[in-house]
Amino acid sequence: MQSNMADLSELVLKAVDRSEGIDTKDIATQLDVDHQKVVGAVKSLQSFEGVINAEQSVEKCWQLTDEGKVIAKQGSHEARVYYAVPSEGVAQAEIMKSVPNAKVGFSKAMQNGWIQIDKKAEGGPKVTKKVDSISDAVQECLKRVNQGKDDMTDAQKAECKKRKLITEVKLTSYQLRKGPAFSLTVQKQEVDLTPEMIQNGTWKEKSFKEYNFDALGVPPSCGHLHPLLKVRAEYRQIFLEMGFTEMPTNNFIESCFWNFDALFQPQQHPARDAHDTFFVSDPQFAHEFPMDYLARVKKVHSEGGYGSQGYNCDWKLEEAKKNILRTHTTAVSSRMLYKLAQQEEFKPVKYFSIDRVFRNEATDATHLAEFHQIEGVVADRGLTLGDLMGIIKEFFKKLGIEEICFKPAYNPYTEPSMEIFGYHDGLQKWVELGNSGIFRPEMLLPMGLPDDVSVIAWGLSLERPTMIKYKIDDIRTLIGPKVDLQMVYNNPICRLDK
């Protein structure tokens with residue numbers, strides 16, 4: 001291909017040498033090559049400083065369509081129909097079978113008066129010639145167009161455009177003249193000065209291409225989104241496609257009331273100890289609560305109610321007022337459900353959130369003090385465990401995780417409760433993805449929600465589904481080929497951050 005281009009470049013130089021100025025269209029006609037190939041050769045010659053001067057011009061011209069090229073070479077459809085008719089005539093059906101585009105050709109040949117048809121002939125309609133000879137004006141017209149001649153009459157242009165044999169295009173051509181460094185042969189300019197050239201002295205005989213200091217150069221390396229942020233955006237899009245509304249999660253600091261007590265989690269629960277939760281020292285306490293709701297929560301904890309005996313414990317307001325770094329985004333869900341209960345008329349809702357939560361854990365190779373939690377909440381009348389399992393399966397299906405199973409579990413604020421597992425092809429094992437369940441009446445009814453309203457919910461970390469979603473090769477590309485995948489499984493955010 002490069003050899004052909006070099007040969008064409010030499011032919012272009014010879015054509016320029018023979019004239020004071022020549023157009024690339026004329027060169028294409030003289031050499032009987034495609035005009036764009038000539039333009040390509042000119043572009044190549046322009047890289048050699050001063051060899052040729054090229055002045056660009058743009059004009060509108062007519063160009064043959066694919067069908068027009070066939071007609072210019074083989075004749076018009078009507079002419080081919082005419083020549084297919086023998087002197088003794090032929091059945092119309094035979095013509096329609098044997099000639100390409102016979103329907104158009106037959107109609108045009110009849111219109112031109114070249115042929116005639118006898119519909120009463122024995123054996124069916126018969127076609128015979130009406131004139132002894134014809135002139136294929138359409139073919140001649142298209143041949144002239146193909147040669148770059150623009151001498152068609154308005155009627156011819158209108159007919160060819162109607163039949164889609166020609167199309168109007170913008171043609172860029174160049175007027176070529178000799179440059180100050182014109183030569184019939186060109187030497188490829190070097191772009192690099194190599195150590196070998198310096199050692200053997202061949203650089204003295206080489207022609208070097210000038211540096212273009214205005215060139216943009218190689219784009220510098222720039223930052224990229226973290227893999228978890230990419231997957232987070234994908235999860236968010238899935239929730240939105242399923243009709244969920246995103247909950248506000250901008251309060252990392254939460255009171256124990258909304259984080260634990262509103263969820264019917266007892267004040268003596270181990271999760272509320274300092275070794276599992278970060279307590280805030282300043283400000284140490286929250287002060288604004290809906291007091292009537294707080295009183296109902298206190299009663300259901302200490303005395304029971306709504307069909308429950310509660311925990312029969314000494315519920316303390318001082319404990320509920322303590323500020324902490326939220327341990328789960330369910331604290332946001334409890335606020336949103338309480339807000340929903342204050343509406344005059346209940347309306348079904350679907351909420352979701354994706355954000356960071358914090359646990360007071362010792363930081364090591366497989367644990368961090370924070371991670372991302374995904375949560376989905378649906379509130380409506382008549383919801384069942386089957387609805388929960390179905391919506392979870394649909395969620396993970398959209399994520400690309402097909403193999404899902406459930407295992408009974410216990411949560412203080414859901415009953416029944418289920419753990420969610422997904423099968424990891426790389427690890428060849430079932431991996432726990434999250435937790436789910438139906439919120440207990442002891443949590444919902446003190447808020448003021450109607451008795452027949454159920455709320456199903458599920459929560460999972462952002463990191464573990466990410467590990468199942470991506471194939472092993474993808475993970476190794478992201479975090480390196482020598483990483484222990486079992487360790488990545490235990491806490492993938494640690495490895496991905498590296």
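Biologist: How many salt bridges does a search of the whole structure find?

Modeller: The model discussed here is predicted. A salt bridge is counted when a side-chain nitrogen of Lys or Arg lies within 4 Å of a carboxyl oxygen of Asp or Glu. With the whole structure searched, the number of salt bridges is 13.

Biologist: How many residues apart in sequence are the parts that the pair E78 and R163 ties together?

Modeller: The side chains of E78 and R163 meet in a salt bridge, at 3.0 Å from N to O. E78 belongs to helix α5 (residues 77-83), whereas R163 is in the loop between α9 (154-162) and β6. The pair therefore ties together parts whose separation in sequence is 85 residues.

Biologist: Are E78 and R163 buried or exposed?

Modeller: A residue is called buried under 20% relative accessible area and exposed over 50%. In this model, E78 and R163 are both buried.

Biologist: K322 and E319 meet in a salt bridge; which residue counts as buried at 18% relative accessibility?

Modeller: The side chains of K322 and E319 meet at 3.2 Å, N to O. K322 has a relative accessible area of 26%, so this residue is partly exposed. The cut-off for buried is under 20%. The residue with 18% relative accessibility, which therefore counts as buried, is E319.

Biologist: Which strands hold R356 and E370?

Modeller: The side chains of R356 and E370 meet in a salt bridge of 3.2 Å, N to O. R356 counts as partly exposed, at 30% relative accessibility, and E370 is also partly exposed, at 27%. The two residues are 14 residues apart and link distant parts of the chain. R356 lies in strand β10 (residues 349-358) and E370 in strand β11 (residues 370-381).

Biologist: In the open sheet of three strands, which are the edge strands?

Modeller: The order of the sheet is β1-β6-β2, and the pairing is antiparallel. An edge strand pairs on one side only, and this applies to β1 (22-23) and β2 (52-64). The edge strands are thus β1 and β2.

Biologist: What is the bridge partner of Q56 in β6?

Modeller: Strand β2 and strand β6 (residues 166-178) run antiparallel and are joined by 13 bridges. For Q56, the bridge partner in β6 is Y174.

Biologist: What angle does the direction of helix α8 make with that of β2?

Modeller: Helix α8 comprises residues 137-146 and packs on the sheet. The strands touched by this helix are β2 and β6. Between the direction of α8 and that of β2, the angle is about 165 degrees.

Definitions and conventions. Residues numbered from 1 in each chain as written. Predicted model: local features only at pLDDT ≥ 70, side-chain atom pairs only at ≥ 80, totals over all residues. Heavy atoms only, no water. Pairing = 2+ DSSP bridges. Helix = DSSP H or I, 4+ residues; strand = E, 2+ residues; numbered from the N terminus. Contact = heavy atoms within 4.5 Å. Axes fitted to C-alpha atoms, helices over the stretch in contact; angles between N-to-C directions. Buried < 20%, exposed > 50% of the residue type's maximum accessible area, 1.4 Å probe, protein only.
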